[in-house]
Amino acid sequence: MQKLKVMQRIINCGVVAVVRAESPEQALRIAAAVKEGGVETVEITLTVPGAIEVIRELARNYNKGEILIGAGTVLDAETARAAILAGAEFIVGPHLNVDMVRTCNRYQKVSMAGAMSIREVVEVMEAGSDFVKLFPGSAFGPTMVKNIKGPLPQAPIIPTGGVSLENVTQWIQAGCEAVGVGSELTRGAKTGNYDLVTETARQFVTAVQNARKNLAG
């Protein structure tokens, strides 16, 4: 898929499902559940057992692009390349690894490198990352985005960690391009309640859409 289309799709959806699962099967079921709820952007973290094979299977199962598949917790270029060859369209790292970003650019895949400070945000953008992953979001809250956007209004921020249904509106209104949501979205999977995962996904999508409508006036 063309890189610009991937970026726009991430922004349009507004929610990236961050999948940390106990097994490949659980990860696949979470992906299906969030898709049913309207979240079509799924990040399979490399902490999932057999994560690369999960990405490969998702790419086979949704070969018409029904789900936008990404890899998360990517620490280096080698892992990024493996995920890309398995079918990942975007790569997420908890920190800035320049070689990882370069690999994404080489293959024209979207990258999101992590940052925690103004300096790190600038470094992520200078390295060529398409989005800045503000992580962990729980350490800052939405006001941090406003503080960053003051001197750096061009920063394309996607927070992960600390995003909930209670504050997702504030994150969007602060200027985030989208939000990454993990356990707050997928917690139903721990008890096998995938209907809850689907319903929570719907609630997140609705909240993001409503927040954007309010911004537009």
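## Helices α2 and α10

Let's start where two helices touch: Gln26, Arg29, Ile30, Ala33, Val34 and Glu36 of α2 meet Tyr194, Val197, Thr198, Ala201 and Arg202 of α10, contact meaning heavy atoms within 4.5 Å. By class, these residues split into six nonpolar, two polar and three charged (Ala, Val, Leu, Ile, Met, Phe, Trp, Tyr, Cys and Pro count as nonpolar, Asp, Glu, Lys and Arg as charged, and the others, Gly among them, as polar). This is a predicted model, in which local features need pLDDT of at least 70 and side-chain atom pairs count only at pLDDT 80 or more, while totals for chains, interfaces and linings use all residues. Residues are numbered from 1 along each chain as its sequence is written, and side-chain values use heavy atoms, with hydrogens and water left out.

Helix α2 spans residues 24–36 and helix α10 residues 194–216; their axes come within 7 Å and cross at roughly 40°. Axes are lines fitted to C-alpha atoms, for helices over the stretch in contact, and angles run from 0 to 180 degrees between N-to-C directions. The two helices are therefore oblique to each other (angles under 35 degrees count as roughly parallel, over 145 as roughly antiparallel, 65 to 115 as roughly perpendicular and the rest as oblique). Their crossing is right-handed, a term for the near helix being turned clockwise from the far one by less than a right angle.

## Helices α3 and α4

Helix α3 (residues 51–61) packs against helix α4 (residues 77–86) at an angle of about 25°, with the axes 8 Å apart. That makes α3 and α4 roughly parallel to each other, and α3 passes α4 in a right-handed crossing.

On the α3 side the contact is made by Ile52, Ile55, Arg56 and Ala59, and on the α4 side by Ala82, Ala83, Leu85 and Ala86. Sorted by class, that gives seven nonpolar, no polar and one charged residues.

Eight strands form an open sheet in the order β7-β6-β5-β4-β3-β2-β1-β8, with parallel pairing. Helices (H or I, at least four residues) and strands (E, at least two) are DSSP runs, numbered from the N terminus, and two strands pair if DSSP finds at least two bridges between them. At the edges sit β7 (157–159) and β8 (179–181), each pairing on one side only. From one strand to the next, the twist averages 25°.

Strand β1 (residues 15–19) pairs with strand β2 (residues 41–45) in the parallel sense over four bridges; alanine 17 has valine 42 of β2 as its bridge partner. Helix α1 (residues 3–13) lies across β1, β2, β3, β4, β5, β6 and β7, and runs at about 55° to β5.
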